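Subject: Structure handover

Hello,

Here is the structure I promised to pass on. My notes follow below it.

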Amino acid sequence: MTFQLHILAGLLAAAVAIPAAAQFARPDDAIKYRKAQMVLKQAHLGRVAAMASGRVPFDAKVAADNAEIVSVLGRTTTQGFMAGSEGGNAKAEIWKETAKFNELAEKADAESGKLLAAAKAGNLDALKTAVAATGGTCKACHDAYRN
Ligand code: HEC
């Protein structure tokens, strides 16, 4: 057990040591990664949104579990847009306006954090507000940078 933990710790250390720029061997891998994390965010935000709109009965634990995934994935938003990975449905402006793009990602990340806080607090009214705000930050970036 201890031995396995050591191996795991070693693997994690190696993974963390890889610089962000070398995370994807090929541009296609970066495109796949960013699409995958976006799809996951949509799925888990959708589950919270279904409760906020009353389509699905509100369950604070389920809302918090899903909001947590949206919140964690918020930190991955910019990672799949490495230099040279222009393509997919991503507008080329992303690679010219990196600061603006990153700012929109940070806004989405911040709202996802509020979504998680509202879900954890079990407050349906706060959750409704947070779902709308989070969805708004997704849309703001898509309107600017997605084809
Ligand atoms: C900072 C900008 C930005 C933010 C914030 C953002 N997205 Fe995206 N999203 C994009 C871009 C750019 C694409 C197109 C990526 C591509 O095709 O390579 C995309 C694509 C997608 C797709 C389509 C994926 C596919 O399979 O083609 C979904 C679904 C999606 N986003 C959901 C979300 C959700 C939900 C949120 C908020 C929780 C979000 N996005 C936040 C920029 C953003």
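**Thr-137 and its surroundings**

Leaving out neighbours within four places in sequence, Thr-137 is in contact with Lys-107, Ala-108 and Glu-111. Contact means heavy atoms within 4.5 Å. Thr-137 sits in helix α5, residues 124-145. Helices here are DSSP runs (H or I, at least four residues), strands are E runs of at least two, and both are numbered from the N terminus. Thr-137 is buried, at a relative accessible area of 12%. Buried is under 20% relative accessible area, exposed is over 50%, and partly exposed is in between (1.4 Å probe, protein chains only).

**What you are working with**

This is a predicted model, so local features need pLDDT of at least 70 and side-chain atom pairs count only at pLDDT 80 or more, while totals for chains, interfaces and linings use all residues. Residues are numbered from 1 along each chain as its sequence is written, and side-chain values use heavy atoms, with hydrogens and water left out.

**Overall layout**

The chain has five helices and zero strands. Along the sequence the pattern reads α-α-α-α-α. Of the 147 residues, 32% are buried. Take the contacts between residues at least 6 apart in sequence: 73% of them join residues at least 24 apart.

**Helix packing**

Two packed helices are described by the angle between their axes and the distance between the axes. Axes are lines fitted to C-alpha atoms, for helices over the stretch in contact, and angles run from 0 to 180 degrees between N-to-C directions.

*α3 with α4.* Helix α3 (residues 60-74) packs on helix α4 (residues 98-121) at about 160°, with the axes 8 Å apart. That makes the two roughly antiparallel. Angles over 145 degrees get that label; under 35 is roughly parallel, 65 to 115 roughly perpendicular, and the rest oblique. The crossing of α3 and α4 is left-handed. Left-handed means the near helix is turned anticlockwise from the far one by less than a right angle; clockwise is right-handed. On the α3 side, the contact residues include Ala-60, Ala-63, Ala-64 and Ala-67. On the α4 side, they include Ser-112, Gly-113, Leu-115 and Leu-116. By class, the contact of α3 with α4 has eight nonpolar, four polar and three charged residues. Nonpolar covers Ala, Val, Leu, Ile, Met, Phe, Trp, Tyr, Cys and Pro; charged covers Asp, Glu, Lys and Arg; the others, Gly among them, are polar.

Ser-112 of α4 is buried, at 4% relative accessible area. Not counting residues up to four places away in sequence, Ser-112 touches Val-70, Ser-71 and Thr-134.

*α2 with α3.* Helix α2 (residues 27-52) and α3 pack at about 150°, axes 9 Å apart. They are roughly antiparallel. The crossing is left-handed. Among the residues in contact are Leu-40, Leu-45 and Val-48 of α2 and Ile-69, Val-70 and Leu-73 of α3. The contact of α2 with α3 divides into 10 nonpolar, four polar and two charged residues.

*α2 with α5.* These axes come within 9 Å and cross at roughly 150°. The crossing is left-handed. Residues that meet include Met-38, Leu-45 and Val-48 in α2 and Leu-127, Val-131 and Thr-134 in α5. The classes here are 10 nonpolar, three polar and one charged.

**Start of α2**

Pro-27 lies in α2. Pro-27 is partly exposed, at 36%. Setting aside residues up to four places away in sequence, Pro-27 touches Met-82, Gly-84 and Ser-85. The C-alpha atoms of Pro-27 and Glu-86 are separated by 7.9 Å, with the residues 59 apart along the chain.

**Aromatic rings**

The structure holds four aromatic pairs. Rings of Phe, Tyr and Trp (its six-membered ring) pair if their centres lie within 6.5 Å; planes under 30 degrees apart are stacked, over 60 edge-to-face, the rest tilted. Phe-81 and Phe-101 are edge-to-face, 4.8 Å centre to centre and 70° between the planes. Phe-81 is in the loop between α3 and α4 and Phe-101 is in α4, so the pair ties together parts 20 residues apart in sequence. Phe-81 is buried at 13% relative accessibility, and Phe-101 is buried at 4%. Ring pairs link Phe-81, Trp-95, Phe-101 and Tyr-145 into a cluster.

Best regards
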